[in-house]
Amino acid sequence: MTRFGIQIGRPGPINDRPRPGVETVSSSRLGRRSLLTALLPLLLAAKASWSAVDGSPARIGWLKIQGPHHTPDQLKAFRDGMRTLGLVEGRDYVIEERYADGHQARLPALTAQLLGTGVRIIVATSQPSIAAAARVTKGVPVIGRMNDDPVANGMAKSLARPGGNITGIYAMTEELNAKRLALLKEAAPSIRRVGVLLRRDWSNAEHDWRVALAAARKLDLDLLALDARSADDLTAAFKQASADDVGGIMTFRNPTVVTYLKLIAELCRKHRFPAVFDAREYVEAGGLMSYGPNIDAIYRQLATYVGKLLHGSPAGELPIEEPTTLELVINERTADTIGLALPPSLLALADAVIK
């Protein structure tokens with residue numbers, strides 16, 4: 001062990017030694033105690049900044065609202081990003097996984113469980129997970145994919161300097177909704193009304209609605225709000241959409257839309273609705289198309305935050321970044337199923353086509 005240069009002196013003269021029954025503290029003991037008291041915070045801080053240097057890998061929390069089999073490629077992409085940084089799982093870090101299996105109310109308790117294991121960082125994989133972790137801890141860094149504007153919802157003071165313990169990648173959902181509407185109209189030019197799956201009680205829903213309305217007016221489109229919080233709500237919302245002459249579907253990301261993505265894709269096919277989503281996972285589940293960030297690239301990007309945090313950077317000083325890659329993905333099989341002939345010009349723009 002390092003001795004920190006502390007020298008223990010020789011005993012003083014006989015008459016300086018403590019007399020029986022009288023408790024005294026020598027000046028050298030006072031000095032050593034003061035020095036150790038002053039050094040203790042520095043020693044603890046140094047220990048906290050070590051990962052595998054002292055033989056114990058850093059614990060990283062993985063908090064997900066869905067189950068472990070929902071989009072497992074996200075965790076694989078995160079591990080790939082860590083590997084690119086030269087961080088080896090088991091040696092430099094270990095992952096503590098917690099899944100809410102679609103139950104948003106479980107997220108705070110799962111966050112507390114992660115904190116109990118001594119995690120140094122929590123990777124929250126959705127807006128609900130980020131929001132729950134942010135309520136439970138103000139000390140442990142929380143990083144993740146943000147779908148709501150983090151400045152507008154109060155999670156960050158600014159994108160450049162968030163200021164708290166929350167940082168990560170802002171997926172620009174709001175900014176890209178106008179482009180999604182334009183792509184939907186290009187895919188089905190006869191569309192006049194679009195149903196928007198949303199939750200009125202979810203953060204940013206009202207703001208996102210106003211932004212989407214402004215974009216729809218420019219495209220000569222009407223929007224119909226389809227409020228849904230459960231699987232039954234979704235089934236009812238699609239029946240309402242059919243009755244109200246909706247020609248296509250768009251989603252605002254929220255816990256319902258995230259949890260029931262396969263059901264939403266199935267209902268779109270059943271009702272023969274062309275639909276546009278914000279992430280590829282919906283298209284792989286059978287939705288028509290998506291336009292948004294490459295999700296795997298986001299999780300590889302999040303690994304760079306872990307690297308910086310493990311080297312001592314405060315979360316509040318790490319800028320919230322934008323995605324590095326945007327992609328248009330089209331499911332041509334779904335187009336055939338719903339009887340939609342996609343324009344060749346749109347197919348030519350696609351980054352990936354599922355045939």
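**Notes on the predicted model**

1. Histidine 70 touches Lys64, Val258, Leu261 and Glu281, leaving aside residues up to four places away in sequence; contact means heavy atoms within 4.5 Å. Its side chain also forms a polar contact of 3.1 Å with that of threonine 71 (a pair of N or O atoms within 3.5 Å, one able to donate a hydrogen and the other to accept it; residues adjacent in sequence count only if both atoms are side-chain atoms).

2. This is a predicted model, in which local features need pLDDT of at least 70, side-chain atom pairs count only at pLDDT 80 or more, and totals for chains, interfaces and linings use all residues. Residues are numbered from 1 along each chain as its sequence is written, and side-chain values use heavy atoms, without hydrogens and water.

3. The chain averages a pLDDT (the predictor's confidence in each residue, from 0 to 100) of 86, and 85% of the residues score at least 70. Over residues 1–53 the pLDDT is below 50, and this stretch has 22 contacts in the model beyond near neighbours in sequence. Where pLDDT is low, the predicted coordinates should not be read in detail.

4. Histidine 70 lies in the loop between β1 (58–64) and α2 (73–84); helices (H or I, at least four residues) and strands (E, at least two) are DSSP runs, numbered from the N terminus. Histidine 70 counts as buried because its relative accessibility is 16% (buried means under 20% relative accessible area, exposed over 50%, partly exposed in between, with a 1.4 Å probe and protein chains only).

5. In α5, the buried residues include Leu176, Leu183, Leu184 and Ala187. Methionine 289 touches Leu183, Leu184 and Ala187, among others.
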